[in-house]
Amino acid sequence: MLPKPGIYYFPWEVSDGQVPDGSTLRTFGRLCLYDMTHSLVTLTAQHKSDQCQLRVCTKLVEPFEPHVDFLYMVLGDLEHEEDGGSVVKARLLTCVEGMDLSLLEKAILEQRLYLQKRQQPIGVTGTWPTPPRAPHFQ
């Protein structure tokens, strides 16, 4: 069975504890620290006036060549730790330096809006909306 594709979350949502434990997620941030001995990367992201940090376990993606202050995108599973922190177990860690972050944030918000509109009311399963009738030409 294939792993889940991952839902986009903003880094500040992950670091604020808004993402459930065990969730498959996609997020991004600038690499500020790489601890090779513990296979941990710290990503940072600016949100308004706050700077959030996100720890990422890199055991499944090593070896890789880290570039400090470069933008990275991560796909992985979130695990909460006993100390109250959390770590993303990376399945994919990609350098995306040069990506337009404001456009990415806009795309994430648009995707959420689309998926929210697409959701059906609770209790309605297995039904598809009726397609519009084809125009009748005479």
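In the predicted model, a polar atom of the Thr 27 side chain lies 2.9 Å from the backbone oxygen of Tyr 9. Thr 27 belongs to strand S2, which spans residues 24-35. With a relative accessible area of 0%, Thr 27 is buried. Once neighbours within four places in sequence are set aside, the residues in contact with Thr 27 are Tyr 9, Phe 10, Pro 11, Leu 54, Tyr 72, Met 73 and Val 74.

The aromatic residues were examined next. A pair of aromatic rings is described by the distance of the centres and the angle of the planes. The count comes to two aromatic pairs. Phe 10 and Trp 12 form a stacked pair, with 4.9 Å from centre to centre and 5° between the planes. Both Phe 10 and Trp 12 are buried.

Tyr 34 and Phe 64 form an edge-to-face pair, at 5.1 Å centre to centre and with 65° between the planes. Because Tyr 34 lies in strand S2 and Phe 64 in the loop between strand S4 (50-57) and strand S5 (71-80), this pair ties together parts that are 30 residues apart in sequence. Tyr 34 is partly exposed, its relative accessible area being 22%, whereas Phe 64, at 19%, is buried. The two residues receive these separate labels because buried means under 20% relative accessible area.

Technical notes
Residues are numbered from 1 along each chain as its sequence is written. This is a predicted model: local features need pLDDT of at least 70, side-chain atom pairs count only at pLDDT 80 or more; totals for chains, interfaces and linings use all residues. Side-chain values use heavy atoms; hydrogens and water are left out. Helices (H or I, at least four residues) and strands (E, at least two) are DSSP runs, numbered from the N terminus. Buried means under 20% relative accessible area, exposed over 50%, partly exposed in between (1.4 Å probe, protein chains only). A polar contact is a pair of N or O atoms within 3.5 Å; within protein, one must be able to donate a hydrogen and the other to accept it, and residues adjacent in sequence count only if both atoms are side-chain atoms. Contact means heavy atoms within 4.5 Å. Rings of Phe, Tyr and Trp (its six-membered ring) pair if their centres lie within 6.5 Å; planes under 30 degrees apart count as stacked, over 60 as edge-to-face and the rest as tilted.
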